[in-house]
Amino acid sequence: MSTLHLHPETIAIRGAKEQTSYNEHNSALFLTSSFMFDSAEAGAALFAGSVTGYTYTRTNNPNVAAFQARVAQLEQAEAGLAASTGMAAINAVFLALLKAGDHLVASKSLFGTTIGLLNNILPRFGIEVTLVSQTDTDEWQAAMRPNTRMLFVETPSNPLNELADIGKLAEIAHTNQALLVVDNSFLSPALQQPLVLGADISVQSATKAIDGHGRVMGGVICGSEALINEIFQHVRTTGEVLAPFNAWVLLSGLETLYVRMEKQCANALEVAQFLSTQPQVVAVHYTGLANHPQKALVRKQQQGGGIVVAFEVKGGEQAAWQVIDALTLFSKTGNLGDVKSTVTHPWTTTHGRMTPEAKLDAAIQPGLIRLSIGLEHAVDLKADLANALKVITM
Ligand SMILES: *Cc1c(COP(=O)(O)O)cnc(C)c1O
């Protein structure tokens with residue numbers, strides 16, 4: 001089906017689908033590890049690649065194929081490739097496209113596990129890594145070397161909602177024959193299309209906004225046919241593939257992605273505006289706020305403020321813990337993008353393994369609280385926060 005003329009909201013529901021002869025309305029679930037050949041000759045042709053078809057689920061599966069194709073349509077990419085988790089997808093991008101002796105430049109403000117991968121695992125394979133400022137493109141430019149093959153960034157950042165300029169980083173990458181890879185987990189294709197802004201690859205954790213209900217893990221990579229094929233050869237070999245059941249769940253997540261994101265952004269903005277008026281709150285970090293320091297870039301890159309609101313309370317770690325424990329509607333859990341609102345304390349959880357100096361250097365304060373805003377009524381969320389903030393005696 002040609003989807004060129006359709007809106008993304010429609011593609012999310014009516015895009016790539018594998019239809020069987022039973023005329024099922026919802027996608028069928030293909031729980032099978034292998035596929036049969038009509039004859040020995042047909043099997044040989046499939047393995048030789050002279051005809052296309054399914055052979056074995058580590059290589060491809062109808063649920064996985066539909067999921068990755070549909071996300072690629074939404075990211076306006078030539079091709080997509082699913083992986084078992086967001087981290088598997090990120091790891092596959094690095095290991096498929098980099099080799100010993102290559103250099104990678106990445107933002108300091110990445111998801112904690114990605115930083116672990118860059119600092120602890122890639123150097124063991126001879127890949128050099130330099131971490132630079134999220135927002136200062138001059139630092140990226142200065143870090144470039146003749147062997148720099150890739151730039152990696154996540155925008156907006158977690159939890160402070162600082163943007164990186166995708167267009168500028170793409171320019172720096174391309175004048176050095178390097179690739180720009182953007183982690184799009186925070187916004188999803190509903191709110192940002194990194195390839196349209198100049199990136200070569202968009203990678204994301206589907207565990208977050210795409211599932212949207214905190215049920216399954218998944219990851220997806222989008223880019224040109226050539227790049228995705230290279231990464232596919234790696235993923236099918238190392239087995240970091242998405243499970244068919246998870247792909248089936250994620251396909252249904254895609255169907256409601258746009259309407260969820262629109263409402264969750266509206267709720268997040270209400271919560272951020274409310275927090276900005278509270279005397280116990282020192283700072284609010286949300287890209288949808290009128291006073292966001294990179295307002296023009298927000299407007300250029302994003303179709304919404306996103307669902308993560310971070311705020312800092314007076315009284316440091318102790319006050320932050322008291323507020324978190326006094327919340328009754330927000331789940332105390334690390335997931336985000338869920339229809340259920342969640343709360344975490346970055347200083348002692350997501351950023352807990354960093355030294356205090358490194359955290360302060362990254363502007364992560366002990367009093368910082370991260371919210372992921374869901375689909376509950378905004379009035380109830382604000383009332384819960386107002387009540388919890390009362391524990392801070394001033
Ligand atoms: C969660 C997350 C990941 C990792 O995804 P998993 O599905 O948990 O492996 C990577 N990047 C960002 C920005 C994330 O939020």
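Predicted model: local features only at pLDDT ≥ 70, side-chain atom pairs only at ≥ 80, totals over all residues.
Colleague: Why does Lys208 count as buried?

Modeller: The relative accessibility of Lys208 is 13%, and buried means under 20% relative accessible area, with exposed set at over 50% and partly exposed in between (1.4 Å probe, protein chains only), so Lys208 is called buried.

Colleague: Which residues does Lys208 touch, not counting those up to four places away in sequence?

Modeller: With contact taken as heavy atoms within 4.5 Å, Lys208 touches Phe111, Ser185, Asn335, Leu336 and Gly337 once residues up to four places away in sequence are set aside. From C-alpha to C-alpha, Lys208 is 7.7 Å from Phe186, although the two are 22 residues apart in sequence.

Colleague: What makes Glu75 count as buried?

Modeller: Glu75, in the loop between α3 and β1, has a relative accessibility of 0%, and therefore counts as buried. Leaving aside neighbours within four places in sequence, the contacts of Glu75 include Asn184, Pro189, Gln192, Gln193, Ser202, Gln204 and Cys222. Glu75 and Val196, 121 residues apart in sequence, have their C-alpha atoms 8.0 Å apart.

Colleague: Is Phe152 buried or exposed, and how do you know?

Modeller: The relative accessibility of Phe152 is 0%, so Phe152 counts as buried; this residue lies in strand β4. Beyond neighbours within four places in sequence, Phe152 is in contact with residues among them Ile90, Phe94, Val105, Leu110, Trp140, Val181 and Val203. A separation of 141 residues in sequence lies between Phe152 and Ile11, and from C-alpha to C-alpha they are 28 Å apart in space.

Colleague: Why is the pair of Phe35 and Tyr54 called tilted?

Modeller: Rings of Phe, Tyr and Trp (its six-membered ring) pair if their centres lie within 6.5 Å, and planes under 30 degrees apart count as stacked, over 60 as edge-to-face and the rest as tilted. For Phe35 and Tyr54 the centres are 5.3 Å apart and the planes stand at 35 degrees, so the pair is tilted. Phe35 belongs to the loop between α1 (8-14) and α2 (40-48), and Tyr54 to the loop between α2 and α3, 19 residues apart, so that the pair links distant parts of the chain. A search of the whole structure finds 4 aromatic pairs.

Colleague: Why does Tyr54 count as partly exposed?

Modeller: Tyr54 has 21% relative accessibility and therefore counts as partly exposed, whereas Phe35, with a relative accessible area of 16%, is buried.

Colleague: How do you know that Lys359 lies over the face of Trp347?

Modeller: A charge sits over a ring if NZ of Lys or CZ of Arg is within 6 Å of the ring centre and within 35 degrees of the ring normal; Lys359 lies over the face of Trp347 at 4.2 Å from the ring centre.

Colleague: What is the phi of Gln76, a residue other than glycine?

Modeller: Phi of Gln76 is near 55 degrees, a positive value. Most residues other than glycine have a negative phi, and most peptide bonds are trans. Gln76 lies in the loop between α3 and β1 (79-83), and its relative accessible area of 57% makes it exposed. Gln177, in the loop between α7 and β5 (179-183), also has a positive phi of about 55 degrees and is exposed, with a relative accessible area of 63%.

Colleague: Which residue does a cis peptide bond join to Thr155?

Modeller: The partner of Thr155 is Pro156, and omega is about 0 degrees. Pro156 is found in the loop between β4 (148-154) and α7 (166-175). The peptide bond from Asn158 to Pro159 is cis too, with omega near 0 degrees, and Pro159 lies in the loop between β4 and α7.

Definitions and conventions. Residues numbered from 1 in each chain as written. Heavy atoms only, no water. Helix = DSSP H or I, 4+ residues; strand = E, 2+ residues; numbered from the N terminus.
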